[in-house]
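Subject: Structure for your review

Hello,

Here is the structure I said I would pass on. Please look through it alongside the notes that follow.

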Amino acid sequence: MRLEILIAGRGGQGILFLGHVLGKAIAEHTSLHVLGSETYAAETRGGDSRVDLVVADREEEADFIKVMRADIALFMHQLQLDAYKDLVRDGAVVFLDSSNVTDVPQRSWRVYAEPYTDIAEREVGTSRVANMVALGHLVGVTSVVPPEAIESAIREVVAREWVDVNLRAFRHLLRKGSA
Amino acid sequence: MAVGHPLDPYLRVDRIPTMWCPGCGLGVVLGTLLRAVDRRIREGQLKRENVAFVGGIGCTARMSLYPLFDSAHVAHGRAIPFALGVKIVKPEMKMIVVGGDGDIAAIGGNHVLHALRRNADLLVVMVNNMVYGMTGGQLAPTTPRGLYTTTTPYGNPEKEINMVRLAAALGANYVARGSTTHPQLLEQMFYKALAKRGMAFVEVLSTCPEIFGRHIGFRNPADLYLELRKRVVVKARPSVEESDYSWEKGFVLGEYVDRDEPGYIDVYSEYLSRVLGSGG
Amino acid sequence: MRYEYITGNTAIAKASITAGLKFYAGYPITPTSDIFEYLARELPKRGGHVVQFEDEIASINAAVGASWACAKSMTATSGPGFSLMLETLSLAVITETPLVVAYVMRTGPSTGVPTRSGQYDVLQATYGFHGGLVIPVLAPSTPQEAYDLTVRAFNVSEELRTPVVLLSDAVVAHTYGKVAVRERGEVEVVDRGKPSVSPEAYRPYDPLGGLVPPMACFGEGYNVLVESLTHDERGYYAPRTDIQRRLMWRLYRKVVESSEKLFDYSATHLDGCEHALVSYGSTALSARAAAKLLREEGFRACSVTLRTLFPVYEEGVAGLLKGVEKVFVVENNVGLYFRELRGVLRDKEVVSVPLIDLDMPLPQEVAGVVKKWL
């Protein structure tokens, strides 16, 4: 088994953090192997922000670290969807933050679109955790990693006072995905 | 039975005679240094196995070859960081860095600068013969202006470096200028310097009749020795303003700085205790 | 043992602590500073020392000094800093000082692209210092290998009393991976041999019939001599051809005759392989993926990742690739390690696949170049 996951958005949307939590959950809480790489523009906010994860059940299958034909993709912004859509294979599962993505190309993707940013602001009180809302959706739909693994990773990485808000955000679309 | 030298117990006697030329001042430096070490050992203030000599490259650096202690003869200019590496791991060591003016002030300049800034717990003995002796008479940063060297054959156009002023400015605990023309004074400086925490920096004006002497017309060792002796004057506690470095006007010998600020090992140990105290 | 999701650089830092690192001296440089920063946080808590020096020259010299004070020592740098360190690397060779230099390659020459990758310095890593000898060079291609090879680098440096270069690159440095992190006691840790004779009888460069002399340190009463000049077993300067021959050949042999023991690689689909893509470092991941693409197209392709680059174990490399028709050396430079392998695989067609890329060459590009030769 070999799985390519692409996560992309604009700087400031918590893309690297999302990717780190997902990678950490896979590495430390499952038997799968994973390689992850981060790409970001020099500016902290506004530029491209991207995480590539290559997940495999055998170590040797986790080879080239850049996504070439993503099986799972998450785009938090229109700019990055436009920039990286060709890295997503036909038939891929694609998640979109419909708060920031309006123009979806005609492809044979299984598209899941929810307004992650609006949901985070409305339901959790801050758009800063839109990334965790999106991650919940992705994990719920794809089951790439057990939700408990993500929650453990969040608890290990996030400062104590922010754990709850991240967990709430993560759980919001988790069941919607699996339903 | 051959009559031994009183310092034989501190020497690798099988390496004597030294490689130094007849009339070289380095024998005086080594002798006074070992006598000072001997006094400190006899007084119980130094343990012999904790004394180490480190030299870079040059005639002075070769001084590290002869003492029967732990010693290192390393890369040109790099004796100070080597010695500091040892000192940080084993603070009980008394690290003595021996180097010429080229080794310490030219190629090792950046290292001595930062060791002085750190007030690093080293005794740095810079023997200044005002020329590159081992390599055959090239320009040193200490060569008096106007003098002939093989790489400034029309007379050195450059200003000389005053290491006493530099050492004092950057915060060494002990800064002295001695000379091989005044061995007792030199031994006393070393003796005092060995007990200092922080950086002790001793510049030793010395004679290289074979190279420097030849350049300036004093090839006979005694002539050069007497010439240097004419140009030095001893002062009790001279001020740094009196440290001017001038072959023409002469050199003031003495203890320019003698203070007791925390040394590098003190502040570093405090840093480590903060690390451990912070629950690490 | 536990699994952690960490970068290649963090893996190096963590592994060095497990391997017994006690002294780290460094100067900040991209892309190695996070090794330095991790150790600055963690090593002092474990009784070690981390000091920032005024430049890379001071850093490596302090590390050499610390090693002579019995502390396992390391510094880390990239091309510009390694170039400054070369003089003292040579000192470490002749004084037989255990030392690990983590060399994280970035795009060059000169300042190049400091944050991006390349493998331009693979030959410099072992041939860069003056004196014409060989030092071991280990090259990780993943964070896990960075961890494992760091432990190995320390062990080799202690066992052979030699500096060892751990040759990583900017891609490995910043790639996250699942890494089996081990504690002391869960890995083999080698310490340098100590003298068993009295200080009076001790000769610091006497290998006692073997190739590696026992090593006393400063402060133990052995009156050790660290000597940069050509020296005899006592450490005394000896400008004589017979002494120089004896010293050179011993320093050479102790590393080269360990090449079988040091040889380390991984391979996929070697059975029945006709076209072997040989690579190292992060480019090995491109080569491995390219071999897979070629197999999907029906070619009998395999990939070999070399983890030990120097000393070259000639019989080992030749034996490994015995049944292969063509060997493709894939690397992110103008074709440097290819020269080493061509010399070893004289009876085989060895093709250079030099692909310069600021990150890693794309597998499709590697496969495309290889296919032109099939």
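Chain C of this predicted model splits into two domains, domain 1 covering residues 2-181 and domain 2 covering residues 264-371. Taken over C-alpha atoms, the centres of domain 1 and domain 2 of chain C are 25 Å apart. Where these domains meet, domain 1 of chain C contributes 24 residues and domain 2 of chain C contributes 21 residues. On the domain 1 side, at least two residues come from each of β6 (137-138), α6 (143-160), β7 (163-169) and α7 (170-174) of chain C. The side of domain 1 of chain C that touches domain 2 of chain C is made up of 15 nonpolar, six polar and three charged residues.

The other item is the contact between chains B and C. It involves 32 residues of chain B and 37 residues of chain C. Elements of chain B that each place at least two residues on the side touching chain C are β2 (70-73), α2 (79-89), α4 (109-118) and α9 (264-277). Of the elements on that side, α2(B) gives the most, with eight residues. By class, the side of chain B that touches chain C holds 18 nonpolar, eight polar and six charged residues.

There is also strand pairing across the two chains. β2(B) runs parallel to strand β9 of chain C (residues 225-227), and three bridges join them. Within this pairing, B:Ser71 lies opposite C:Leu225 of β9(C).

Regards

Terms used: Residues are numbered from 1 along each chain as its sequence is written. Chains are lettered from A and ligands numbered from 1 in the order in which they are written. This is a predicted model: local features need pLDDT of at least 70, side-chain atom pairs count only at pLDDT 80 or more; totals for chains, interfaces and linings use all residues. Two residues are in contact if their C-beta atoms, placed from the backbone, lie within 7 Å. Helices (H or I, at least four residues) and strands (E, at least two) are DSSP runs, numbered from the N terminus. Ala, Val, Leu, Ile, Met, Phe, Trp, Tyr, Cys and Pro count as nonpolar, Asp, Glu, Lys and Arg as charged, and the others, Gly among them, as polar. Two strands pair if DSSP finds at least two bridges between them. Domain bounds come from an automatic or database domain assignment.
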